Amino acid sequence: MASSGAYYRYRSYRRRKNGNGHGMPRWMMALIVLGGIFAVSIVVMAAVGYGVYRSYAGDLAPPDEYIASLPLGGAQIRDRNGVFLYEFFDEVSGLRRPVTSDEISIYVIAATIAAEDASVLD
């Protein structure tokens, strides 16, 4: 039968190897290290994201200046031949951007004419 002194020597050897029995298990140390790496990577990604945001936001004009730069004016109403009929003036909002007839889809023009002109359907 083995001597009980051998067991105590073995136990004291294991305690010295593991830090006198008060050390953390290796899996817990690995978990803490991985958590630290994850936290540092989140901080780095947030800093990079903020830098990209600031680089794009620095080129933008404030909303009030952008709205003030939009053209003021109203809408012009023309017939199917392009003859001027009427113009609306709106000095309050000023949020209109004039477009030429080349920029308007042919389907929108045809639908508007079909809705307003009954003779087209005949």
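**Exercise 1. Find how many helices and strands the chain has, and the pattern in which they follow one another.**

Solution. The chain holds four helices and two strands, where helices (H or I, at least four residues) and strands (E, at least two) are DSSP runs numbered from the N terminus. Read along the sequence, these elements give the pattern α-α-α-β-β-α. The model is predicted, so local features need pLDDT of at least 70 and side-chain atom pairs count only at pLDDT 80 or more, while totals for chains, interfaces and linings use all residues. Residues are numbered from 1 along each chain as its sequence is written, and side-chain values use heavy atoms, with hydrogens and water left out.

**Exercise 2. Work out what share of the chain is buried.**

Solution. Buried means under 20% relative accessible area, exposed over 50%, and partly exposed in between (1.4 Å probe, protein chains only). By this rule, buried residues make up 2% of the 122 residues in the chain.

**Exercise 3. Describe how strands β1 and β2 are joined.**

Solution. First, locate the strands: β1 covers residues 76–78 and β2 covers residues 84–87. Next, consider their pairing, for which DSSP must find at least two bridges between two strands; here three bridges join them, and the strands run antiparallel. Within this pairing, Arg-78 stands opposite Phe-84 in β2. Finally, β1 and β2 form a hairpin with five residues between them, and Gly-82 in the turn has a positive phi of about 90°.

**Exercise 4. Identify the aromatic pair and explain why the pair counts as tilted.**

Solution. A search of the whole structure finds one aromatic pair. The rings of Tyr-50 and Tyr-53 have their centres 6.4 Å apart and their planes at 40°, so the pair is tilted. The rule is that rings of Phe, Tyr and Trp (its six-membered ring) pair if their centres lie within 6.5 Å, and that planes under 30 degrees apart count as stacked, over 60 as edge-to-face and the rest as tilted. As for position, Tyr-50 and Tyr-53 both lie in helix α2, three residues apart, which is about one turn of the helix. Tyr-50 has a relative accessible area of 51% and is therefore exposed.

**Exercise 5. Decide whether Leu-31 is buried or exposed.**

Solution. Leu-31 lies in helix α2, which spans residues 26–57. Its relative accessibility is 55%, so Leu-31 counts as exposed.
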